[in-house]
Amino acid sequence: MGAGWPLSFLPQIAGKNRGFGCIWRGGGNAIPPFEMKKFPSLAFARDLEEAKRFGYSENHGISLLNLRMTSNRITQGNEDIEGEKGPNVYKVGVPPKKGAFSELKRGVKDTFFHDEPLRMFKDQPTSKRLWLGIQSVFPILEWGRKYKLAMLRGDIIAGLTIASLAVPQDLGYAKLANLASQFGLYGSFVPPLIYSVFGSSRDIAIGPVAVVSLLIGTLLQNEIDPKKHKTDYENLAFTATFFAGITQLALGFFRLGFLIDFLSHAAVVGFMAGAAITIGLQQLKGLFGIVNFTKKTDIVSVLHSVFSDVKHAWHWESIVIGVAFLIFILGCKYLAKKSKIFFWASATAPLLSVIISTLCIYLTHADRRGVQVVGSIPKGVNPSSIHRIQFTGKYALTGFRIGVITGLIGLTEAVAIGRTFAALKDYNLSGNKEMVALGAMNVVGSFTSCYVTTGSFSRSSVNYMAGVNTIVSNIVMALVVLLTLEVITPVFRYTPNAVISAIIIAAVVGLIDIPAMILLWKVDKFDFIACMGAFFGVVFKSVEIGLLIAVCISFLKILLQVTRPRIALLGKIPSTNVYRNVQQYPEASKIPGIVIVRVDSAIYFSNSNYVREKIILELANDDVKEHKGQRIQYLIVELSPVTDIDTSGIQALEDLHKTLQKRDVQVVLANPGHDVLAKLHESGFIETIRQEHVFLTVADAVATLAPRLEP
């Protein structure tokens, strides 16, 4: 018997009605199975004869009272005088078979219908189903019926507030897209109305946004000069907007929204920060009153254009106006962050800046002394542009390409905003429905002289802070923009470009999320590299190159995680039956003669060889190949994290088994999932290693195998 265990600790066996009842009774604690080198536990004996073969006899003071078997359970315990019960060893059986159609059905459901969109139709009469179907397409019919007059006050206040922010921003965002100012206002009139019919987010504010405006302006400018070929440029913009809407509609209708998740959060943070820097640098043209400015967006070209001729290019009056109002707007934003009392000052600061500066220019006639102004804006609502969309010709394919890119970026931003505020207010938001709504509004927008619009984070934040209740705030904003288009647009003739530039700079400052970057550095260095890659790609090259880098790095991270999963070496936590990673828990003890590894990923063709080679390397490690003089006899593979396995993965396990057989090491599996276990049975691998070497837990495996270890 193992050293340090008195003879009085030898157990007696008492039968129990609950199955194969080997219940230990003795004068003290139960003898650990791995301490019983000479006399293994009777819990591992299948019958009396096998117990005798283990070396037990009544001469050793052991009374064999009862051994009873069940088909699926072996109960092994250490019940002392007070009745303590030990662990159960459960026999893992063959999982029930599922047909190919059932597997395919489940796969399609998990991929495309994980949110169970048809659940609401269950057990409903035909007429009710029809009405529910109409409501799912037009959510306004659902929330409109529940709308209460008490909600209107909050929605009107929120709508007026975001309108005061939207009007001045739209004038500047249109210039980012190299379009006339009125096109920015058009984007805050028709698209919000369409979204209010199809959309389900209560807080999102729809309209042109800085990043998408810069992106579409850069991509369009690479194809057509906006000054020399103005009409063709506008036509291509409407064509790209149409295909952006079609892309968003298709993703939502075919429930492919998961595709936008391939752009990681880290890459988005870097891309947005880089775009904010680029947008801010572009605004130096208006802020400094520079006439001749580079068409490139990289930081080197822009700074060279700004500082190449400071004496003659800069206009001091424009600088004074722009810097003064930039300080005013940023000061209001700072006060709003310090205290919610000043929230209204931050929300209305851009509009106040436009009103005050426009009045000053009008009274002083500063425009005649070189201060650049917005100029005349035609009155009236959006003109039709259906006839200007190009479905054929040399620019049709270009419009499609630009539309897909801008549509995906707009979709990513809008869905992220919608989910953020839905989580804050604790309501569900369907990503696929949002895509359909965004797609519908951009398709209709392309018919009404709008370029790509999406959800604006700055306006949505203002909308939320202003106490919005429903999407009616977007309708209120659209009505204010309509009034602006019909009545107020002539006033903007005297609005200085320097103020518009100041408004845009103040708006994009919030896109630079430094705390998020610091967190990425602390938590995940690879995520930080992805963030910086996207950031520097946008700043030093171009928006499209930065976007390409962001996408590539996101896919690279996925590939690395799939092809190089973690293989953890497990040990037993003291005073428990729990086995955990020895790197995370250094106090975890290794079991002599047994190596336990955990594969922290599904096993596919892309990583199967790596998993096999990594496990073999673990066995060859000097720290594990011999422990306390005991050679390795069992390899336990913990499969809890392995959600799936393909034929390449099964082949890798078979190769591992063959390799270890030559070293007299037995492969043992612990806690394989249903799908994994079913595939291993179908392939015959379980038969190869034998069913008795498949366990429910690592603890069960160790308790069973330890007594069988040879010296």
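Strand E7 (residues 567-572) and strand E9 (residues 594-599) run antiparallel and are joined by three bridges. The model is predicted. The points below treat the strands in turn and then the nonpolar cores.

**Strand E7 and its partners**

- Within E8, Tyr-579 is the bridge partner of Lys-572.
- Six residues lie between the strands of the E7 and E8 hairpin, and Ser-575 adopts a positive phi near 65° there.

**Burial of E7**

- E7 is largely enclosed by the rest of the structure, because six of its six residues are buried.
- In a regular strand, side chains alternate between the two faces of the sheet.
- Ile-567, Leu-569 and Gly-571 point one way from E7, Ala-568, Leu-570 and Lys-572 point the other way, and all are buried.

**Strand E9**

- E9 is mostly covered, with six of its six residues buried.
- Besides its antiparallel pairing with E7, E9 pairs with strand E12 (residues 634-638) in the parallel sense over five bridges.
- In E12, Tyr-634 stands opposite Ile-594.

**Nonpolar cores**

- In soluble globular proteins, nonpolar side chains tend to be buried together.
- The largest nonpolar core contains 125 residues, and Tyr-195, Ile-216, Phe-271 and Ile-409 have the most contacts inside it.
- Helix H10 (residues 265-282) supplies the largest share of this core, 10 residues.
- Apart from this core lies another, of 34 residues, including Val-582, Val-599, Leu-619 and Ile-686.

**Surroundings of Ile-216**

- Which residues does Ile-216 touch, not counting residues up to four places away in sequence?
- Ile-216 touches Ala-177, Tyr-233, Ala-237, Ala-240, Thr-241, Ile-402, Thr-406, Tyr-451 and Val-452, with residues up to four places away in sequence not counted.

Note on methods: Residues are numbered from 1 along each chain as its sequence is written. This is a predicted model: local features need pLDDT of at least 70, side-chain atom pairs count only at pLDDT 80 or more; totals for chains, interfaces and linings use all residues. Side-chain values use heavy atoms; hydrogens and water are left out. A nonpolar core is a set of buried Ala, Val, Leu, Ile, Met, Phe, Trp, Tyr and Cys residues joined through side-chain atoms within 4.5 Å. Buried means under 20% relative accessible area, exposed over 50%, partly exposed in between (1.4 Å probe, protein chains only). Helices (H or I, at least four residues) and strands (E, at least two) are DSSP runs, numbered from the N terminus. Contact means heavy atoms within 4.5 Å. Two strands pair if DSSP finds at least two bridges between them.
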